[in-house]
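Subject: Structure handover

Hello,

Here is the structure I promised to pass on. My notes on it follow below.

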Amino acid sequence: MSAEQRDARALTERLHALAADPGAHPLLVALDFDGTLAPLQDDPSASRILPAGVDALATLAGRTGLELALVSGRSMADLQALAQVPAGTFLIGSHGAERARVTTFGLDRDVVELTHAQADRLAALGARAAAVARGRDGVWVETKPTAVVVHTRLAEPDVGAEAEAQALALGTELGCGTLHGKDVVELTVLPADKGTALQALRGELGAPVVLYAGDDVTDEHAFAALGATDVTVKVGAGPTAAAYRVGSPDEVVAVLADLAATWGR
């Protein structure tokens, strides 16, 4: 049996114990999107939660003593369009800078407001980031409400590495917040990270235990912010501070489906 299989089985056993322990409720089940619930795609707009994951989340949403959240680097607009999650789910976008809750009538959103200085800095970031991408095939720029993102997933490795290095240097030059993930550099005028956002949400919900799963470097902020009694899950290969590891989004969905079947029994 592989180490990944041992980790997945140990994770399932841990979640069974939490399901049977009222003192661990409400359990906050918080999940990254790309690479965790949805297989990574070269075209980010093609990402979708695995069908079995949609079913598992819908079942979990009906369980008493459990709260659901997606925690993503995507903008809230992207996350809402692609997520396919049930009403009641919290959505945390832009690494924590945006937040909303899904309702049967749409999103109940927290309003993000920038100061004039932050808005000016965001505009300057957009112009400078566009210069980083210009002339580089496979490099493109995304603008979010609080950040500018340089994407390099479609670029040749050497081209992507050069663009990421320039984007990181730009962040240092302008003194803005910088997040370096897989094939992406995000430059933000409103500092935020997944760990801070996750701890704030758990505090509001009074969740004694958090389950968090993610695949990217930026998810390490969440792993580091959580405690020894929380359940942290790294999806895929790579160094991590997470206590558990599974191999793919399919394995994440299988764990969630098992939790949904176990909860309340």
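Is Y212 buried or exposed? Y212 is buried, at a relative accessible area of 0% (buried means under 20%, exposed over 50%, partly exposed in between, with a 1.4 Å probe and protein chains only). Y212 sits in strand 10, residues 209-214 (strands are DSSP runs of E, at least two residues, numbered from the N terminus).

First, the ground rules. This is a predicted model, so to speak on its own terms: local features need pLDDT of at least 70, side-chain atom pairs count only at pLDDT 80 or more, and totals for chains, interfaces and linings use all residues. Numbering runs from 1 along each chain as its sequence is written, and side-chain values use heavy atoms, with hydrogens and water left out.Next, the pocket. The largest pocket holds about 480 Å³ of space. It was found on a 1 Å grid over the protein atoms alone, as an open set of points where a 1.4 Å probe fits, with protein on both sides within 12 Å along at least five of seven lines; lining residues have an atom within 4 Å of a point. Its volume is the space filled by probe spheres set on the points, which are joined across faces, edges and corners. Of the 26 lining residues, D34, R74, H151, R153 and V184 are the closest to the centre. The lining has 14 charged, 6 polar and 6 nonpolar residues (Asp, Glu, Lys and Arg count as charged; Ala, Val, Leu, Ile, Met, Phe, Trp, Tyr, Cys and Pro as nonpolar; the others, Gly among them, as polar). Strands 6 (140-143), 7 (147-151), 8 (177-181) and 9 (184-188) each supply at least two lining residues.

Now strand 7. It is largely enclosed by the rest of the structure, because 5 of its 5 residues are buried. A147, V149 and H151 cover one side, V148 and V150 the other. Strand 7 pairs antiparallel with strand 6 over 4 bridges (pairing needs at least two DSSP bridges). A hairpin of 3 residues joins the two strands, and W140 stands opposite H151. Strand 7 also pairs antiparallel with strand 9, over 5 bridges. There, V149 has E186 as its bridge partner.

Last, the core. The largest nonpolar core has 41 residues (buried Ala, Val, Leu, Ile, Met, Phe, Trp, Tyr and Cys joined through side-chain atoms within 4.5 Å). L27, V29, L57, L70, V231 and L256 touch the most other members. Beyond its neighbours within four places in sequence, L27 is in contact (heavy atoms within 4.5 Å) with residues including L18, L66, V209, L211 and W263.

Best wishes
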